[in-house]
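Trainee: Could we go through this model together? I would like to begin with the strands.

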Amino acid sequence: MASKLSSNIQRSAILLSSTAVRNPARSAASPAVALHRAISAPTRGLVTSPQNRILRSNLAPSCSLQTKSNPNTKSPYQAQTRWKSDDAGPIKLRDWGFEEINAVLPTTPNTPNHKPVILIDVREPAELVGTGIIPSAVCIPLASQPDAMYLTPDEFETRFGFAKPDPTESEGEPAQMIFYCKAGVRAKAAAQMAVQAGYDPANVGVYMGSWLDWERNGGKVEKWEGNDF
């Protein structure tokens with residue numbers, strides 16, 4: 001009997017030993033090991049840090065999210081609202097045509113016209129030598145003298161040799177400043193710069209057809225004998 005009991009005890013001990021080998025007991029990890037595992041483990045989802053929030057606030061978003069209430073369900077929802085860049089549209093200047101300009105030009109040299117205008121040719125002097133200018137026009141080249149309209153009257157007259165255009169100095173109603181070039185592009189830019197320099201948009205206009213349109217319609221031409229600025 002004792003021999004049989006001893007044999008059963010040995011068999012049980014062997015069985016327990018083999019089970020322990022196949023399923024070793026897990027020991028409790030130390031705090032240091034647990035912290036290392038937490039840091040090393042991949043992060044799931046988006047982690048928001050104060051630094052990330054500051055970086056996002058420095059960007060200029062094109063829209064924002066606002067929380068509103070749905071009138072049907074009375075539950076809050078997020079609505080996307082765009083930022084308004086600028087409600088003010090571009091300045092609209094008067095577009096002069098050939099017939100209008102031709103009608104206000106002096107009928108004879110050195111005689112005042114019945115409606116005061118200041119014609120400003122913004123082409124370069126080299127261009128004017130070959131083509132001439134519209135009668136009574138002055139030359140204020142845009143490419144080589146882009147700051148002309150920002151000069152004081154004294155600085156302007158010193159540089160160009162004639163008085164700075166001033167629509168308000170005319171008798172009666174203010175004169176109309178009409179800018180033109182070869183095809184209208186430089187003229188429009190010069191007119192917009194004049195407005196930025198402080199001229200009243202109501203007194204500034206553009207001959208969009210410019211010299212090409214004037215020549216095509218057989219407009220009068222005056223020889224230009226000015227200086228090369």
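Mentor: A definition comes first: two strands pair if DSSP finds at least two bridges between them. Helices (H or I, at least four residues) and strands (E, at least two) are DSSP runs, numbered from the N terminus. This is a predicted model, in which local features need pLDDT of at least 70, side-chain atom pairs count only at pLDDT 80 or more, and totals for chains, interfaces and linings use all residues. Residues are numbered from 1 along each chain as its sequence is written, and side-chain values use heavy atoms, with hydrogens and water left out.

Trainee: How many helices and strands does the protein have?

Mentor: There are 8 helices and 7 strands.

Trainee: What is the strand order in the open sheet?

Mentor: The open sheet of 5 strands runs β3-β7-β6-β4-β5, with parallel pairing. Its edge strands are β3 (94-96) and β5 (138-139), each of which pairs on one side only.

Trainee: How many bridges join β4 to β5?

Mentor: These two parallel strands are joined by 2 bridges. D121 has C139 as its bridge partner in β5.

Trainee: And how many bridges does β4 share with β6?

Mentor: β4 and β6 pair in the parallel sense over 5 bridges. The partner of V117 in β6 is Q176.

Trainee: Which residues touch the most other members of the largest nonpolar core?

Mentor: They are I120, V122, I140, M149, M177 and F179, in a core of 22 residues. Two or more residues come from each of β4 (117-121), α6 (153-160), β6 (176-180), α7 (185-196) and β7 (204-207). The most come from α7, with 5 residues. A nonpolar core is a set of buried Ala, Val, Leu, Ile, Met, Phe, Trp, Tyr and Cys residues joined through side-chain atoms within 4.5 Å.

Trainee: What does I140 touch?

Mentor: Leaving aside residues up to four places away in sequence, I140 touches I120, D121, V122, A148, M149, F156, F160, F162 and P165. Contact here means heavy atoms within 4.5 Å.

Trainee: Why would such side chains gather?

Mentor: In soluble globular proteins, nonpolar side chains tend to be buried together.

Trainee: Changing topic, what lines the second largest pocket?

Mentor: It is lined by 11 residues, and V138, C139, F162, W224 and G226 lie nearest its centre. A pocket is an open set of points on a 1 Å grid over the protein atoms alone, where a 1.4 Å probe fits, with protein on both sides within 12 Å along at least five of seven lines; lining residues have an atom within 4 Å of a point.

Trainee: Finally, where does A189 sit?

Mentor: A189 is in helix α7 and is partly exposed, with a relative accessible area of 30%. A189 and V206 are 17 residues apart in sequence and 9.4 Å apart in space, C-alpha to C-alpha.

Definitions and conventions
Buried means under 20% relative accessible area, exposed over 50%, partly exposed in between (1.4 Å probe, protein chains only).
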